[in-house]
Amino acid sequence: MSIDKANVLLLGATGYIGGGVLARLLSNSKPLFNITVLLRDAVKADKLKPFGVKAVLGNLDDLETIETLASQADIVFECADADHIKSTKAVLEGLNKRYQETGKLSTLIHTEQASVLADNAAGMHPTDTVYNDNDVEQLAKLDPRQPHRDVDLAVIAADAEGYVKTYIVLPSTIYGLATGPLVDAGIMNAQSQQIPALITAGIDRGRAGMVGEGKNIWPNVHIDDVAHLYEVLWNGVVSGKEIGHGEEGYYFAENGEHKLFDVAKAIGAALKDLGLADTDEPTTFTKEELDKYFDGSESLGSNSRCRAERSRAIGWKPEKTTEDMLRSIKPEIQYMLTRVP
């Protein structure tokens, strides 16, 4: 696709990832995109007007609206919900309709989660299994029962049918407080999910916690580096550069790894330093605490290891490291404390 100004549809524009993507789209000195977003919040839709963004009120269950908007788009970014198969199928229907009527091949950049790679270690052991976004055969063998996998398969199948080129971005544990005009305007969510969830539990119980013994391993990546990966992808698309898509279109976002224990220990140290805990030593969440804080899920105790070789090969250059992630925890806690009612 080599075009002067692309029509873009973005789902999830007020979220942590989607907001980061929107901020990058808007930061071009020369406008390259006509941007449309789907929003539930009329107040935020109004706040987007000064940014030159067209906001359509609706949600992911408004399938006809999504199909219509997708049928008008050169590029669709799905950043809202990796499990919402109906909205993804509506996007694909719209892109197929566009192709049948115009012969134009659209682009779908879909957001997955690295939990599609996860096991059920429950914090009790690490794993030697490491997934590589350059290993097509390895990824094709992922169990279709894995989280989000049904959506991935639908996206890849659409690419194989030939009416759309699809790219799947898989961020790992994203961290860091988002900043910028969209955050300042109260449009974009500034926080991720995993680490803030652990912090919330730690503050409430008065001590950092972990699933099992915290021996499981996950990759990590800063929110700014995640947004940069989307930017590298769309720059490749709009410039007509041939980059992997469909089965060869997985793009991991990682720049280092951590054990859950290390995150819990950093939370513990910060809580103690801020006078919110008597010790920096984390303890295992009880079953009752897992029910209370995580709806009974032990997913934070899973292993999910990956290497972003394909992402780096197309020009992605993440900057923040695991050490940056651990250092970000105390400022994250301080930010959260300012937002307690």
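Me: Which residues in H8 meet H14, and which in H14 do they meet?
Reply: From H8, Ile195, Pro196, Ile199, Thr200 and Ile203 meet Ile329, Glu332, Ile333, Met336 and Leu337 of H14. Contact means heavy atoms within 4.5 Å. By class, the contact of H8 with H14 has eight nonpolar, one polar and one charged residues (Ala, Val, Leu, Ile, Met, Phe, Trp, Tyr, Cys and Pro count as nonpolar, Asp, Glu, Lys and Arg as charged, and the others, Gly among them, as polar).

Me: What should I know about the model and the numbering?
Reply: It is a predicted model, where local features need pLDDT of at least 70 and side-chain atom pairs count only at pLDDT 80 or more, while totals for chains, interfaces and linings use all residues. Residues are numbered from 1 along each chain as its sequence is written, and side-chain values use heavy atoms, with hydrogens and water left out.

Me: At what angle do H8 and H14 pack?
Reply: Helix H8 (residues 194-205) and helix H14 (residues 329-338) pack at about 65°, and their axes are 11 Å apart. Axes are lines fitted to C-alpha atoms, for helices over the stretch in contact, and angles run from 0 to 180 degrees between N-to-C directions. That makes H8 roughly perpendicular to H14 (under 35 degrees counts as roughly parallel, over 145 as roughly antiparallel, 65 to 115 as roughly perpendicular and the rest as oblique).

Me: And how do H10 and H14 cross?
Reply: The axes of helix H10 (residues 260-273) and H14 cross at roughly 55° and come within 9 Å. H10 is therefore oblique to H14. In H10, Val263, Ala266, Ile267, Ala270, Leu271 and Asp273 meet Ile329, Lys330 and Ile333 in H14. That contact divides into seven nonpolar, no polar and two charged residues.

Me: OK, the sheet. What is the strand order?
Reply: The order is E3-E2-E1-E4-E5-E7-E11, seven strands in an open sheet with parallel pairing. Strands (E, at least two residues) and helices (H or I, at least four) are DSSP runs, numbered from the N terminus. Two strands pair if DSSP finds at least two bridges between them.

Me: Which strands stand at the edges?
Reply: E3 (54-57) and E11 (250-253). Each has a single partner strand, so one side of each is left without a neighbour in the sheet. The twist averages 20° from one strand to the next.

Me: How many bridges does E1 have to E2, and how many to E4?
Reply: Six bridges join E1 to E2, and E1 (residues 6-11) pairs with E4 (residues 75-78) over four. Leu9 has Thr36 as its bridge partner in E2 and stands opposite Val76 in E4. Leu11 stands opposite Glu78 in E4.

Me: What does H3 lie across?
Reply: Helix H3 (residues 63-70) lies across E1, E2 (33-39), E3 and E4, running at about 175° to E2.

Me: Backbone, then. Where is His148, and what is its phi?
Reply: His148 is in the loop between helix H5 (136-140) and helix H6 (149-161), with phi near 70°. Most residues other than glycine have a negative phi.

Me: Is His148 buried or exposed? And Asp295, buried or exposed?
Reply: His148 counts as buried, at 7% relative accessibility. Asp295 is exposed, with a relative accessible area of 75%. Asp295 also has a positive phi, about 55°, and is found in the loop between helix H11 (287-294) and strand E14 (306-307).

Notes. Buried < 20%, exposed > 50% of the residue type's maximum accessible area, 1.4 Å probe, protein only.
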